[in-house]
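Visitor: I'd like a close look at just one part of this protein, and at how that part sits among its neighbours. Could you walk me through it, slowly and in plain words?

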Amino acid sequence: MYTTKPQRFPLGSILEDTLRLTSRSRLLGGLATIGVAALLAGCASAPAPTTKNSAAASNFKPCMVSDQGGFDDKSFNQLGLEGLQSAAKKLGVKEAHVQSVTENDYVPNLAQMVGQGCNLIVTVGFNLANATRDAAKANPKVNFALVDSALSNADFSTLTLPNVKPVLSDTAQAAFLVGYAAASYSKTGVIGTFGGVKIPPVTIFMDGYADGAAYFNKQKNKNVKVLGWDVKAQNGAFTGGFAAGTEAQNAAQTLIDQNADVILPVGGPIFQSAGAAIVSSGKPIALIGADADVFVTFPKYDDLYFSSIMKNMSGDIADIVASASAGKFDATPYVGTLENGGVSMAPFHKFESKVDSGLKKELDAIKADIISGKITVESPSTPK
């Protein structure tokens, strides 16, 4: 929801939705409840990068555990690994990383990294929240950075640990810009979205996207429809996982069949299947990336990419690794925003000449209004 004044959402209803999600989704293994804690997390500036190369730094070992989707997802996990490896190279230290194929891999993968003597373990994804919490409690001398979630106790109450830094992103802000742009570009008056799994780091994209389109409609007196997500009901289209494949391609095809000409898939590599569906359709449909600028990470469908809703995960993780290596680990949660550069909208690339000539100025003005607070962009999943 966007407003001209700050607005808050009732925590009770969010908790009820999360509990229902937990009971019916085996994939999440009870981890979806952590999203409540993300709503209560504080906000901190990104850690200042350091180039200090001390004896302590030379013995420093940064590590990472991926979520499902793998380090070659051209998106979320890949960005995390790039940040880890970039920092390790700059520091002149060796890193270690391990890939999770299913939720059953989280606990043993974390144990493996602890066993290898890692000083900092970055866990990439909301689904790793419980496993990260338990590993941090059991290993208080090891620091952790948890991407896309804060911590909570078993009763859903907020939890903070001195050795866990939540790394969160207010992607609704960047998605709002992209949703506005998509509505402006659409020739059919219908745009769409679908997600991998109904968890806060996914639905926050969908909220911002739909709200941006609604803002366009209000400003231009238009009626562009958004398929695949209902902001008020917090319900929409999901594939049930983060793997590219038949489910994702079918979800995209459903939107294509309903005349959507701009599509936002949210959930790692599922955008690749949407690209395949678009190509098969032969229709002039634009595709939007999530997390990374997919025009760069997966150029196979570069003619289709309208823009991407980006997180600066690589830079944020690199800074956290550098600070931890210098003995400056800080457990205060970090929230990426438009203002601090933690989230952003990718260029239009090959669509530069296809968008309205005045759109860029409109987007610049909207971005400035979001940063100033004149436009408040919030979803039930907005990290606080």
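Guide: Let's start with α7 and α13, residues 359-372, whose axes come within 10 Å and cross at roughly 155 degrees. Angles over 145 degrees count as roughly antiparallel, so that is what α7 and α13 are to each other. Their crossing is right-handed. Bear in mind that this is a predicted model.

Which residues make the contact? From α7 come Gln-173, Phe-176, Leu-177, Tyr-180, Ala-181 and Ser-184, and from α13 come Leu-359, Glu-362, Leu-363, Ile-366, Lys-367 and Ile-370.

While we're on α13, have a look at Ile-371, which also lies in that helix. Its relative accessible area is 34%, so Ile-371 is partly exposed. Leaving aside neighbours within four places in sequence, Ile-371 is in contact with Leu-338 and Glu-339. Glu-339 is 32 residues away from Ile-371 in sequence, yet their C-alpha atoms are 5.7 Å apart in space.

Now back to α7, which runs over residues 171-185, and on to its other helix partner here, α8. The axes of α7 and α8 come within 6 Å and cross at roughly 45 degrees. That angle makes α7 and α8 oblique to each other. The crossing of α7 past α8 is right-handed.

On the α7 side you'll find Thr-171, Ala-172, Ala-175, Phe-176, Val-178, Gly-179, Tyr-180, Ala-182, Ala-183 and Ser-184. Facing them from α8 are Ile-204, Phe-205, Gly-208, Tyr-209, Asp-211, Gly-212, Ala-213, Tyr-215, Phe-216 and Lys-220. Phe-176, Tyr-180 and Ser-184 of α7 turn up in the contacts with α8 and also in those with α13.

What about α8 on its own? It covers residues 200-220, and at 1.5 Å a residue its 21 residues should span 30 Å. The C-alpha atoms at its ends are 30 Å apart, which agrees with that expectation. Most of α8 is covered, with 17 of its 21 residues buried. Just after the helix, Asn-221 takes a positive phi of about 55 degrees.

Most residues other than glycine have a negative phi. Gln-234 is one to check against that, with a positive phi of about 55 degrees although it is not a glycine. You'll find Gln-234 in the loop between β11 (229-230) and β12 (235-236). With a relative accessible area of 11%, Gln-234 is buried. Asn-259 is another non-glycine residue with a positive phi, near 80 degrees. Its place is the loop between α9 (246-257) and β13 (262-266). Asn-259 has 41% relative accessibility, so it counts as partly exposed.

Just after α5 comes a positive phi of about 80 degrees, at Gly-117.

One more helix residue is worth a click: Gln-78, in α4, residues 76-91. Its relative accessibility is 14%, so Gln-78 counts as buried. Not counting residues up to four places away in sequence, Gln-78 touches Gly-70, Phe-71, Asp-72, Asp-73 and Thr-297.

The protein has 13 helices and 18 strands. Of its 384 residues, 59% count as buried. Among contacts in the protein with a separation of 6 or more, 72% are between residues 24 or more positions apart. The pair of Ile-371 and Glu-339, 32 residues apart in sequence, is an example you can find on screen. If you go back to α7 now, look for α13 roughly antiparallel to it and α8 oblique to it.

Note on methods: Residues are numbered from 1 along each chain as its sequence is written. This is a predicted model: local features need pLDDT of at least 70, side-chain atom pairs count only at pLDDT 80 or more; totals for chains, interfaces and linings use all residues. Side-chain values use heavy atoms; hydrogens and water are left out. Helices (H or I, at least four residues) and strands (E, at least two) are DSSP runs, numbered from the N terminus. The expected span of a helix is 1.5 Å times one less than its number of residues. Buried means under 20% relative accessible area, exposed over 50%, partly exposed in between (1.4 Å probe, protein chains only). Axes are lines fitted to C-alpha atoms, for helices over the stretch in contact, and angles run from 0 to 180 degrees between N-to-C directions. Angles under 35 degrees count as roughly parallel, over 145 as roughly antiparallel, 65 to 115 as roughly perpendicular and the rest as oblique. A crossing is left-handed if the near helix is turned anticlockwise from the far one by less than a right angle, and right-handed if clockwise. Contact means heavy atoms within 4.5 Å.
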